[in-house]
Amino acid sequence: MTAATLGIVLGFARTLRHAGVPATPDRVQAMVTALDHLDVASPVDTYWAGRLTLCGDPADIARYDAAFAAYFGRVPIVRPPRVVTRLRAVPLEADEDEGTGEGGDAQLVGRASRQEVLRHRDLAALSAAERDEVRRMLALLAPRVGRRRTRRYGRARNGRVDLERTVRGMLRQGGEPTRLAHRARRRKPRRLVVLADVSGSMEPYADALLRFAHAAVRAAPFNTEVFTLGTRLTRITRELRARDPDVALRAAAAAIPDWSGGTRLGDALKVFLDQWGQRGVARGAVVVLCSDGWERGDPTQLGAQVERLARLAHAVVWVNPHKGKPGYQPITGGMVAALPHIDQLIAGHSLAALERLVQIIAEA
Amino acid sequence: MDEATTSPQALADALERTGYLPDEGLATAAFLALRMHRPLFLEGDAGVGKTSLASALAEVLDAPLVRLQCYEGIDAAQALYDWDFPRQVLHLRAAEGRDPDELERSLYDRRFLVARPILQAIEQAPCVLLVDEIDRADDEFEAFLLEVLADNAVTIPEIGTIRAETPPLVVLTSNRTREVHDALKRRCFYHWLAHPSYEREVAILQRRLPEVAERLARDVARVTARLREADLLKPPGVAESLDWALALHLLGARYLDADNAAATLGAVLKYHEDAVRARETVLAELTG
């Protein structure tokens with residue numbers, strides 16, 4: 001490869017990194033080697049050499065296409081795969097009719113703005129002394145999920161005879177049977193999935209709930225998934241893996257485009273189930289859904305999706321901050337539709353309520 | 001084998017002769033994987049032809065296909081090798097009274113080793129190793145796989161290192177039930193396998209099921225493409241459209257109509273909700 005071509009490839013990699021695709025040096029190296037085997041002068045070969053080596057996720061492909069078009073003029077393949085749009089966060093447009101109005105607390109409905117508010121919330125603005133104290137305590141929570149039996153076996157003190165290890169013991173003793181080894185099914189923690197509603201009406205609680213989710217991710221980084229629901233579905237598991245809660249929440253806030261916007265809970269839940277839940281994320285998991293149930297869309301859609309979720313998941317726990325208020329009745333349209341399908345409805349308005357949630361998750 | 005690996009187009013033609021019709025990107029990916037000895041990592045919806053690519057490649061290369069099906073909790077003993085303990089004990093009993101040192105050496109002989117898929121692939125190379133549904137295995141297994149793929153060798157403490165002379169062509173597939181670790185993806189060619197275009201799907205149907213009437217193949221491809229856009233719980237893949245076309249053909253259909261479509265819907269749609277939805281929308285258009 002000539003120095004000029006190399007310069008072009010490196011420039012493209014830089015463009016790609018700006019577009020958000022992690023084109024690491026080893027990946028770029030792979031692209032250069034791939035081009036040695038292909039025709040550098042052919043746009044199609046260049047396109048595929050880069051796409052096969054620099055991308056690592058369906059979401060990367062859309063960004064790759066955009067960066068390729070920006071850098072080289074156009075994407076040289078006839079039909080960019082349609083599926084890419086399906087796997088991005090899908091914007092759910094607000095419908096034109098008025099809110100469903102069930103049990104309408106005018107103030108709260110008013111706060112859930114009709115338009116998706118694409119703004120990045122500054123978490124640094126919350127600096128009251130009690131809030132800091134609560135945050136420190138939230139960081140100490142370590143939500144862990146109950147365990148399930150797997151199909152693998154491990155050593156056990158009693159149970160079925162472990163033929164393999166018994167025989168291995170015999171081999172060491174020159175073929176004489178000595179002690180029987182036993183085996184039993186291993187146990188593994190279930191997956192925990194947190195779905196947090198970040199719409200306007202949940203704003204006062206969202207910070208605490210996301211900190212709770214961060215504590216859960218920290219406790220079991222590869223067994224916990226966190227998504228936010230609003231007008232879009234956003235996966236923030238990766239952002240929450242940062243050790244420091246403030247760093248993690250800043251990263252999450254930057255990733256959530258619809259913070260304090262409206263809610264289309266049923267539709268967002270459907271997107272979650274289509275793209276993640278049914279594929280395996282929700283299967284056999286303990287799912288914690290944090291929302292006040294103010295559904296601006298069709299409550300029957302929410303009911304159907306919660307039912308679908310309940311069929312996939314091991315347990316569905318609904319955390320509703322309003323439940324902690326005296327005289328609360330689950331009468332909003334969304335809550336009524338979802339109620340028959342959920343296993344537990346608990347409050348999430350205070351630290352004590354969240355501690356109770358830790359306990360429920362562990363026993364689920 | 002040599003002729004097929006001269007260019008992506010030559011490989012695409014060779015694959016086509018086996019009955020697998022790849023698009024340009026997939027042919028380039030497979031070509032580069034062969035030439036650069038890098039694993040090929042395929043993601044895509046179920047039934048788009050991830051697994052069948054591996055068998056088609058094995059056919060093109062005239063090499064054996066070794067398949068490792070991943071599942072939760074899979075470990076090295078299932079993927080790599082295991083000792084045949086009962087046979088070792090029998091051997092021990094039969095050889096009682098011999099020199100203990102020699103006996104011990106003879107106990108860890110290759111013939112008491114049970115080769116599991118990865119060791120089989122390394123011993124049989126050149127071959128195609130299909131690691132199917134890697135997303136079902138645990139993270140720890142990925143790390144282990146990474147190690148084996150990096151040096152194409154397996155070290156067995158009692159025997160030594162077994163190295164592949166020509167590295168096997170490794171094809172990994174994932175259905176995205178879990179995000180596979182970046183470290184593994186980085187060492188592979190990543191290809192997202194989309195559903196085929198209408199023309200390609202018709203070509204696949206005619207290629208794989210030459211007995212099916214052309215009109216029926218076109219109808220099935222068209223309606224399947226519509227079903228994929230109908231917002232279903234499980235959109236049908238190529239595997240389903242092949243099943244559907246064959247089912248219709250066996251019922252003697254020459255084209256698709258509302259009645260035979262309804263009777264054979266179970267071949268394409270695997271959820272009750274999807275079937276209801278399809279009857280209301282896509283299939284209703286057939287009558288109209």
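## Confidence in the model

Over residues 80-127 of chain A, pLDDT stays under 50, and the model has 80 contacts beyond four places in sequence for this stretch. The structure is a predicted model. For chain A the average pLDDT is 78, with 84% of the residues scoring at least 70.

## Chain B in outline

Chain B contains 15 helices and nine strands. Of its 288 residues, 41% count as buried. Among the contacts in chain B with a separation of 6 or more, 76% are accounted for by residues 24 or more positions apart.

## The nonpolar cores

The largest nonpolar core is made up of 103 residues. Ala30(B), Leu40(B), Leu57(B), Val171(B) and Val220(B) have the most contacts inside this core. Helix H2 of chain B, residues 24-36, gives the most to the core, contributing eight residues.

The surroundings of one of these residues can be listed in detail. When residues up to four places away in sequence are not counted, Leu57(B) touches Ala30(B), Val128(B), Leu169(B) and Val171(B).

## Helix H3 of chain A

Helix H3 of chain A covers residues 43-54. At 1.5 Å a residue, its 12 residues should span 16 Å, and this agrees with the end C-alpha atoms, which are 16 Å apart.

Because 10 of its 12 residues are buried, H3(A) is largely enclosed by the rest of the structure. The buried residues are Asp45(A), Thr46(A), Tyr47(A), Trp48(A), Ala49(A), Gly50(A), Arg51(A), Leu52(A), Thr53(A) and Leu54(A). What covers these buried residues includes three helices of chain A, namely H1 (3-18), H2 (25-37) and H4 (58-72). Chain B also takes part in the cover, through its H2 and its strand S9 (189-192).

## The contact between the chains

Chain A provides 33 residues to the contact, and chain B provides 31 residues. On the side of chain A that touches chain B, at least two residues each come from H2, H3, H4, strand S1 (147-156), helix H8 (163-172) and helix H12 (265-281). Sorted by class, this side of chain A has 14 nonpolar, 10 polar and nine charged residues.

How values were computed:
Residues are numbered from 1 along each chain as its sequence is written. Chains are lettered from A and ligands numbered from 1 in the order in which they are written. This is a predicted model: local features need pLDDT of at least 70, side-chain atom pairs count only at pLDDT 80 or more; totals for chains, interfaces and linings use all residues. A nonpolar core is a set of buried Ala, Val, Leu, Ile, Met, Phe, Trp, Tyr and Cys residues joined through C-beta atoms within 7 Å. A residue is buried if 20 or more other C-beta atoms lie within 10 Å of its own, exposed if 12 or fewer, and partly exposed in between; C-beta atoms are placed from the backbone. Helices (H or I, at least four residues) and strands (E, at least two) are DSSP runs, numbered from the N terminus. Two residues are in contact if their C-beta atoms, placed from the backbone, lie within 7 Å. The expected span of a helix is 1.5 Å times one less than its number of residues. Ala, Val, Leu, Ile, Met, Phe, Trp, Tyr, Cys and Pro count as nonpolar, Asp, Glu, Lys and Arg as charged, and the others, Gly among them, as polar. pLDDT is the predictor's confidence in each residue, from 0 to 100.
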